[in-house]
Amino acid sequence: MPEPVPAAKPEGGDAPPADGEPESTELTGLFVEKPPEQVVAIAGTDVTFIARVDSTTLARKPTMKWLKGKWLDLASKAGKHMQFKETYDRNTKVCIYTYEMKIIKVVPGDAGGYRCEVTAKDKCDSTTFEISVEECILSGVMYVCFHTCRDAGEDEGDLDFSALLKATKKRKKPEEEKPQIDVWELLKNAHPSEYEKIAFEYGITDLRGMLKRLKKMTVEPKHSEAFLKKLESCYSVEKGKKIVLTCEVVDPDVQVKWLKNGQEIKPSAKYIMEANGNIRTLTINKASLADDAAYECVVGEDKCFTEVFVKEPPVTITKLMDDYHVVVGERVEFEIEVSEEGAHVMWSDQELHKEKDTKYRFKKDGKKHTLIIQEATLEDIGMYHAWTNGGHTKGELEVEEKQLEVLQDIADLTVKATDQAVFKCEVSDDKVTGKWYKDGVEVLPSDRIKMTHIGRFHRLTIDNVKPEDAGDYTFVPDGYALSLSAKLNFLEIKIDYVPRQDPPKIHLDTTGNMVSQNTIIVVAGNKLRLDVEITGEPAPTVVWSKGDQVRTLQRADPPPCRDPVTEATGRVRVESRKDLSCFVIEGAERDDEGNYTICVTNPAGEDKAVLFIKIVDVPDPPEHVKCTSVGEDCATVIWEPPKFDGGAPIKGYLMERKKKGSSRWTKLNFDVYESTTYEAKRMIEGVLYEMRVFAVNSIGLSPPSLSSKPFMPIAPTSEPTRLTVHDVTDSTCVLKWLAPEKIGAGGLDGYVIEYCKEGDTEWVVANQDLCEKQGFTVRGLPVGEKINFRVVAVNIAGRSPPATLQQPVTIREIMEHPKIRLPRDLRTKYIRKVGEKINLTIPFQGKPRPVATWYKDGQPIDPKMVNVRNSNVDSILFIRSAEREHSGKYELVLQIENMEDRATIEIRIVEKPGPPARVKVTDVWGFNAALEWDPPTDDGNCEITGYTIQKADMKTKEWFTVYEHNRRTNCTASDLIMGNEYMFRVYSENLCGLSEDFHTHLPFSIGLQYKPNPYKEKDMNCVPKFTQPLVDRSVVAGYSTAISCSVRGFPKPKIVWMKNKMIIGGDAKYLIQNNQGVLTLNIRKPSTFDGGKYSCLAVNELGQDEVECKLDVRGKSKVV
């Protein structure tokens, strides 16, 4: 973040500009000239604002931004209304940049707060100003001020439409011209209870903002005693960037508090507080909208304030709105996507803000914003818009009336008296209602007239038709410009009774459910209603029969029949109307399939017809579903077709599977699968599954089959790895291998080893039981034959691929020279202490099995003293408790026939040595005594490494060590006390430690004469003198450094460090060290203020000396 450059406040009060032109103010920051703080512009005129920047001290060209409100960048509004200009005078020596903003034909919407902000590489400066618009009226002058509240948040800078409305109303009723009144003076002198009255009277729309500014104007600035440099008046930062607030305090050691909106800020990763000398900084990382607030730096009772403005980047629309074309009643979803989550989106159409209408629902899902219209109507037609602060999109909605189709029209009816008339129609929408009309008059229901609406069918039933019922009947659906009409004709017949006889006749309709002339197909569960027209005089008797069953309905006086069926009786029944016989089967079943005969008779004759009714149904479920094989992630399932195909050919099958214990079935195929064998894939190894199958025909889906037995996808392991031949004899072969790389959920049960002769194809199993180890010895092999070997891993899923040797193995004993592999630690002298255990393992090789023999010092070892165990590959020498007689040279001889190999091991058993012999005092002088002794007679079987000498005063008899690890057999005991008697004892020491016994010399006394040697004390006094001076240094700010020198002098001189001739006190930033005359001054994280001349002064009673150096601290640039 660039460092803000403070600007000096202008002296004196605010002077109004002349003729609307901006006035300049005097500054000390980057600005040479600023726009005036208050500008009153007349609507319809042009106004220009000028700002000049001095770039003499800048490293690069400055950048200027003109802003309205908090964050609205006016560069995006450049055009006919707003124009921006930048000029630079190259003729003058002063580098001045001139920036102009021109507003052409000012409108009331241009009123508000503005800010111009100039930034360079490491500096920035800003200034604010306000524009008020003066509205001109024909009959007078009215001033309407448009202000923006500084606490308005995101709405700052928008137009004040309430003021515009007030101005419009006043145009209708012009007022007399009033003298201009200074509203600021009026508010300053008014009582707070009169503020709202004044605001209403003079059209003030931003009363809160004016009161805040009035309060700042009346309060005189108070001089701060705690701050050298206060915080800037405001800071601006983009969302997500870093900002640094900096102030300078008087006391470099004082503690400060940082407040945000009055609440103390705690240090965190987001808020970093630093103190560097007198500079106090607050760093805000990744600024968000929540950081847009007022901040304070508090030192005791003193405070300094600032305000941080966080500029939110505009939210753009990444997915535009689509157009919709729907019919009435359909759901509409206008969806857009924006660039950031949680962004504010405003919806509206041409006339109405949709968020105010409860008919519309809004949905937010991350970056998606959706406007939902549950049921579209014709009123919803129009253009819909969506706005963000950085984008706009629109979509058109077209709504059409839903077309209503007539599936069955009303037919004309001709009925006789007392008959029933039924008007019936069918439309496409089952929710549509309607009304019936007769000759244009609405028909009302009564005991004789009934109107019904069932699904898509509308019926008008008229019982006991009368002559006045004749006329035109119309059905009008509600909401549709549609009508269905039919005519009811009343037939009045007068017949003289003349006996007539016509033979009966059956008239079959072959256009309905019949697939042929005498076959009818019915889906099981559906209803069959077969209407057969019958003619004949007198009325014939109708008899329906299936096989030997007979169903009759008497139309005259029928003869008795078997199994009579009356109307509305039973599932299978016969209904009759005049000239019509209806055969009905409710809920057809498979047993209803067969030949049906209808026979009609009367005195004039007889007629018959045979019909075949075929019942079709969904097939039975498939049978015997089972799993035949499994793989790592697959399984093969087979089944048998269903016994009954439902009367229609089987088209295929659908399969489902589930995990055992679960109730959730998963479909395996969506297209019909024709075969009865299916391989299910993408299964999890080691999990139990169950399968079931559905059969499919043209009627539908069968019930599911019984679930298969649970099965588990398991794959055999991969082949064993690294199969090698470990050993071969005349009849055996030792094989070794490693486990398979991939074992899987089935685990590993063991291995099978197989072999065959070279050229044969028949493999012989070498092990009857599974081998669980990774090695096996194949026995009983023929000598001299070439044999191939292979190893197979076995688990519950079966055998793995075999691991085979690349070449056959010749079965023959291989002669190998004996070779002893002596360990490295046994190639040197092997030393152990008495009583320790010795266990030596000597590996060897050789074929056939060699003979191992041990010797000690050229003689065979005694098995009572040393234990030996030999194997095919090594020989072990074991001594349970070592003694010194076990020391010696041990030799291992390895023999195979006339070949041999030898290895020698030297073992030495050691223990603690004996005590020294003949300890005596040979001489005594002053405070000293000379001792001598002889080496011990027993050295413990190893070299004596030294002696330990101790002394004891006869008064205390406490022993003190005089010497340790003394290599000689004599020593001198010093620091003895004259007149006392002493005893001495000496220990011998070897690899095992000190000897347990010791030799003691009897007490003796020290002489009383002491003659010190005369000497002359040397005078060491000298004046302080620096032997190494200070050296000039140049360091980078923020990195600790040190300066050093060296001094000598006696008495020890006093050291004083100074900076710029000022003594450095107890500042924690400096660390002073003095080590044997080497003087060091450490400076922790120096800043540019720490540069200067440093000196070091050394003083004692004989004189003084001083050295100095120059320290240059280079600043480092800040990176935002």
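1. In which strand is the place of Phe-844? In this predicted model, Phe-844 belongs to strand E64, which covers residues 838-847. Phe-844 has a relative accessible area of 5%, and because buried means under 20%, this residue counts as buried.

2. The surroundings of Phe-844 can be listed by name. Leaving aside residues up to four places away in sequence, Phe-844 touches Lys-819, Ile-820 and Arg-821, then Pro-850, then the run Ser-871, Asn-872, Val-873, Asp-874 and Ser-875, and also Leu-894.

3. On the fold as a whole, the protein chain has 1120 residues, of which 38% are buried, and its secondary structure comes to 4 helices and 87 strands. Among contacts with a separation of 6 or more, 61% are made by residues 24 or more positions apart. The accessible surface of the chain is about 66300 Å², and carbon and sulfur atoms account for 49% of that area.

4. A hairpin can be inspected at strands E71 and E72, which have 2 residues between them. Strand E71 (residues 917-925) pairs with strand E72 (residues 928-934) in the antiparallel sense, over 6 bridges, and within this pairing Ala-917 stands opposite Asp-934 of E72. In the turn, Gly-926 has a positive phi of about 55°.

5. The relative accessible area of Leu-378 is 42%, and since a residue qualifies for a patch with over 30%, Leu-378 can be included in it while being classed as partly exposed.

6. Confidence should be read alongside the points above. The mean pLDDT of the protein chain is 81, and 84% of its residues reach 70 or more. Confidence is lowest in strand E11 (residues 140-143), with a mean of 34, and highest in strand E86 (residues 1092-1100), where the mean is 94. Over residues 1-28 the pLDDT is below 50, and this stretch has 54 contacts in the model beyond near neighbours in sequence. Residues 137-178 also have a pLDDT below 50, with 60 contacts in the model counted beyond near neighbours in sequence.

Conventions: Residues numbered from 1 in each chain as written. Predicted model: local features only at pLDDT ≥ 70, side-chain atom pairs only at ≥ 80, totals over all residues. Heavy atoms only, no water. Buried < 20%, exposed > 50% of the residue type's maximum accessible area, 1.4 Å probe, protein only. pLDDT = per-residue confidence, 0-100. Contact = heavy atoms within 4.5 Å. Pairing = 2+ DSSP bridges. Areas by Shrake-Rupley, 256 points an atom, 1.4 Å probe, with all protein chains shown as cover.
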